[in-house]
Each structure stands twice: as structure tokens, then as C-alpha cells.
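This briefing goes through one protein model for a reader who is new to structures. Please keep the sequence and the 3D view open while reading.

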Amino acid sequence: LGSTDHSIVAMHWYLDYVIGVTAGRRTKVIRRDATVRDITDDFLSGSSQPTFLLDDDGSLLIFGGGAPLRIDGSLRARTFAVGLQGSPTHAGIVDHSLIVNDVGSDTVYFSDIGLGSNRGGVGGHEMFALQPARSTPGSFTAGLRDDPVSALATLQNRVLLFGEQSVEAFYGTGAGGGAAAFRLEDDPMQSTLGAPYSLLNATDTLWWLDYDRRFVRLEGRSTKTISTPIEKQLQALSTYSDCVTHLFEYQGHHLILLHFKAAGLTLCYDYMLEAWSEWRLWSLTTGDWTTMPLTAYCFQPRWNMHFCAGQADATGEVFELSPTTYQDNSNPLVRSWRGPYSDAGDMGLKFARRLQFLVDGGTANSYTSTSDAYNPTVEVRWRNEDRLWQEWRQMQLGTIGAMPSVRDVWCLSNFRRQQVEWRCSSPVPLRVNRIEVEAQPRGR
């Protein structure tokens, strides 16, 4: 999309388009044919990470710590006001009432009940009519603690307000507009929010990174820590409050992505398997994995396509995530498979004379047009016990379209327990079908 000013920092789907917000607070429209145009109306004000909300009337609202933007079906972006003092970063809707926070304040504003552009009887998109609630006209205040509301979330008919010291819950009473619209639910929850843009709703469950650098899940009125396996990694970060989360549902994978902008780190949590991993990029310069930034992510349901942006070079590129493309931004996409330890039935000393494995040669497709695709290779290495890995050995996979082929690795040395690892950067599928080790007993 051009220069650093045009680097995408947030994306969301809208109608038959993808809407992107750039580092320069511009809004972009991306069509399915990959053409891009600017929305040249109003810029997004404020300096916070942009957040999105699909309004009841079919418009898209964008918040960024200043006056929000409203984009309608004509793809016009207009600034509208939410309260005379409101500078929201987060928003939600309960019973057709828009609820927004005010950055740096413990006051939360909400509109009268009504569809987006007609709330409070005010046509267009210039201002919402606010109604009084609790003791402060036009707002309800999270006043039980001196704790600014840094984020909020709506869950069914509840509004949860998040601060650094507490989480407070309000519920919609169904009483219409005015002071009776929301009521405080109970005492504040004993939880905290350390990264405002880590707050995420996945399958009607709230997740966030708390003030103690723990990634937690809301269960009833308490939280459960799920980040114990990566606790040391989170504690070692110099900055964690810039964490932005994305929900990534993709071909049977149910992932929550945690992107730390300053560290260029993207952690992945599979909330179905309860497993942690890391999203990395293969570096041709170092010949090893390196961190892969993922500032922005978007799923366009009408196209059934996934997009990401926020590369380190900040050139404004937007990428499609594809399961059939065996390259990563024109770099080789390395796939690896590491087997379990094998002791060949006993823990005595043995000599591995030969390792034999059966692999598929793969099939050609539109993404395998490079020369190495038609003569792909695989690399194998092993280690004994928990010692250092041996050097990689490279061998041919066989020509594209060939039948599965047997490959042999000779003289793997003495072992009691042995582990083998494969990796392949050729743009073809890699599948290991059978593994056999020819081992001979050795004296102690």
C-alpha cells in the first residue's frame, strides 16, 4: 500500500470489503481483486490502537482514543461525537444501546436505545443522545475504585468494565433509556487488566492479559490462569501492555494470537487443545526461525479468506493466509516434524546401522513453479539421549508426482534412546509414512 504512513495497523471486514486503518490514521478499502483505495473523508483521531464495532444499523464504527469514525454502505467515513467529553477506545452494544469508555477516565457513556444512526431520535451520524444513569448525567461511573476504565466488553446483556485494579460488571435491565437502563451487578471482581487490547471474546468467553502478565480466562466471577507454560517468556518481555489479540479459527485450528508489537513476538494458544506455540518466520539471512510480527488480522466471511498485516518492514503489505502456499512472503516455508524418543524395546546400548523412512514425493500445483519444486529435498538429523543434535543430512525426495519413495540414512552411531527430526523447505507437501531403525545390540 505504499510508505510507512500507509502500514496497516488494524483491519476488519465490512460488507464485501476489508477496511484497514494505517499508522497515519487513514482508512483504506481493500476489494477482493486486491485493488485498494483511500477513504478520503475524515481521518481517525486519537493515538490508540484502532478497534472496530459493527453497529445495529449496518454501519462500521472505528474507535482510536479520539472522535470515532462511522463508515456506511457508501464507504464514506465521517467523524461522530460520543458525549462531549468522550474519547473512546472500546465499545459494545447491549439492547441496541451503544456503550463506550472515555480514555483515562472512570466514566462510561451509553446512548439511548435505538438503532445506530437514530439513537435518541438524532438522525445521521453526528452525535448520540446520551441519557442519565446512576448519579452522573449521560454516564454511569465505575466509581467503586479510583480505576480508569481502560477497556470494556459486552457479554449477553452484561457490560464488564476493566481497569488495572478491578473488573466491574453491569447488566442491562431492559427498562429502556435513562437511569434505569443499567445497574451494577455485584462487588468488583478481584482481577486486573494489564494490556487493554488483549481483551478478547471467543465463544462467549472473555480472555485477557492481566497486570501480573498472566493470560487468563473468565469463569463465572473468577479467572483461571492458562499461561503457566509460557510464564517465563511473558515475564522476560520488556513491554507487555502493547499486546493485541486476534481470534483465528482456521481449518480445525482454534487459536488466540497474542502479538507483542515492541518484541515482534506472536504467541498462539489453541483453546480447544489447551496448547501453546509461537508464530515464526523463516529467515534466509540467518538460516533459522525469527519472530514474525502480526499487528493486524482479519477474516472476511463473505470471501472465506484470512488476511494479516504488520510486517517489520512497514511497507503496508497485506498478506493472505493460505494452507496451499508453500512459501512465506516469497521466502521458503520450512516444515519440520520431530518424532518421539525410541529405545527399540530396551534401554541397552545399541548401534543404529540404518534409519529407513518412506516419504511422499508430493504433487505439482500452481504454487510449485520454481525449479526446486520439481527436485525437492528433505533434511534429516538425530540425537542420542538428550545430547546435541547431529548435523543435518540432505537427500532428494523424488520428482513431483512420483510414488512414495524409501530413503536410507546410514551409520547413526550408538544409542540407548534416539530421536529423529525432519525438515523441508521445498514448496511441496511433506509426509513421512513409515519409519524403521535397524539396530544391533552392543556390549556395555
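The points below go from the whole chain to single residues.

The model is predicted. Of the 444 residues, 50% count as buried.

**Whole chain**

- The protein chain exposes about 20400 Å², and carbon and sulfur atoms supply 49% of that area.
- Among contacts with a separation of 6 or more, 54% are between residues 24 or more positions apart.
- The structure contains eight salt bridges.

**The largest nonpolar core**

- The largest nonpolar core has 20 residues.
- The members that touch the most other members are Trp207, Leu209, Phe215, Leu258, Phe260, Leu267 and Trp276.
- Two or more residues of this core come from each of strand E17 (200–202), strand E18 (205–209), strand E22 (253–260) and strand E23 (265–270).
- Leaving out residues up to four places away in sequence, Trp207 touches Ser198, Leu199, Leu200, Ala202, Phe215, Val216, Arg217, Ile226, Ile256, Tyr269 and Tyr271.

- Ser198 sits in the loop between strand E16 (182–184) and E17.
- Ser198 has a relative accessible area of 0%, so it counts as buried.
- At 2.6 Å, the side chain of Ser198 reaches the backbone oxygen of Ala195.
- Apart from neighbours within four places in sequence, Ser198 is in contact with Leu193, Trp207, Trp208, Leu209, Phe215, Cys243 and Thr245.
- Two of these contacts, Leu209 and Phe215, are also among the core members that touch the most other members.

**Salt bridges around Asp210**

- Asp210 and Arg214 form a salt bridge through their side chains, at 2.9 Å from N to O.
- Is Asp210 buried or exposed? Its relative accessibility is 2%, so Asp210 counts as buried.
- Arg214 is partly exposed, because its relative accessibility is 37%.
- Asp210 and Arg214 also belong to a network of salt bridges that includes Asp212.

- The side chains of Arg338 and Glu421 are joined by a salt bridge of 3.3 Å, N to O.
- This pair links distant parts of the chain, since Arg338 is in strand E32 (residues 335–338) and Glu421 is in strand E37 (residues 418–424), 83 residues apart.
- Arg338 has a relative accessible area of 43% and is therefore partly exposed, whereas Glu421, at 7% relative accessibility, counts as buried.
- Another salt bridge joins the side chains of Glu379 and Arg423, with an N to O distance of 2.6 Å.
- Here too the pair links distant parts of the chain: Glu379 belongs to strand E34 (residues 377–384) and Arg423 to strand E37, 44 residues apart.

**Trp422 in strand E37**

- Trp422 is also placed in strand E37.
- With a relative accessible area of 0%, Trp422 is buried.
- How many residues apart in sequence are Trp422 and Arg381? They are 41 residues apart in sequence, and their C-alpha atoms are 6.7 Å apart in space.

- Trp337, Ile435 and Val437 make a nonpolar surface patch of about 250 Å².
- Val437 is part of strand E38 (residues 432–441).
- Val437 counts as partly exposed because its relative accessibility is 37%, and partly exposed lies between the limits of 20% for buried and 50% for exposed.

**Two loop residues with positive phi**

- Arg25 has a positive phi of about 65°, although it is not a glycine.
- Arg25 lies in the loop between strand E2 (17–22) and strand E3 (27–30).
- The relative accessible area of Arg25 is 13%, so this residue is buried.
- Glu274 is not a glycine either, and has a positive phi of about 55°.
- Glu274 is located in the loop between E23 and strand E24 (275–278).
- Which class does Glu274 fall in, buried or exposed? With a relative accessible area of 53%, Glu274 is exposed.

Technical notes. Residues numbered from 1 in each chain as written. Predicted model: local features only at pLDDT ≥ 70, side-chain atom pairs only at ≥ 80, totals over all residues. Heavy atoms only, no water. Patch = residues over 30% accessible without salt bridge, like charges linked within 9 Å, V, L, I, M, F, W, Y side chains within 5 Å. Areas by Shrake-Rupley, 256 points an atom, 1.4 Å probe, with all protein chains shown as cover. Salt bridge = Lys/Arg side-chain N within 4 Å of Asp/Glu carboxyl O. Helix = DSSP H or I, 4+ residues; strand = E, 2+ residues; numbered from the N terminus. Buried < 20%, exposed > 50% of the residue type's maximum accessible area, 1.4 Å probe, protein only. Core = buried A, V, L, I, M, F, W, Y, C linked by side-chain atoms within 4.5 Å. Contact = heavy atoms within 4.5 Å. Polar contact = N/O pair within 3.5 Å; in protein donor to acceptor, adjacent residues only side chain to side chain.
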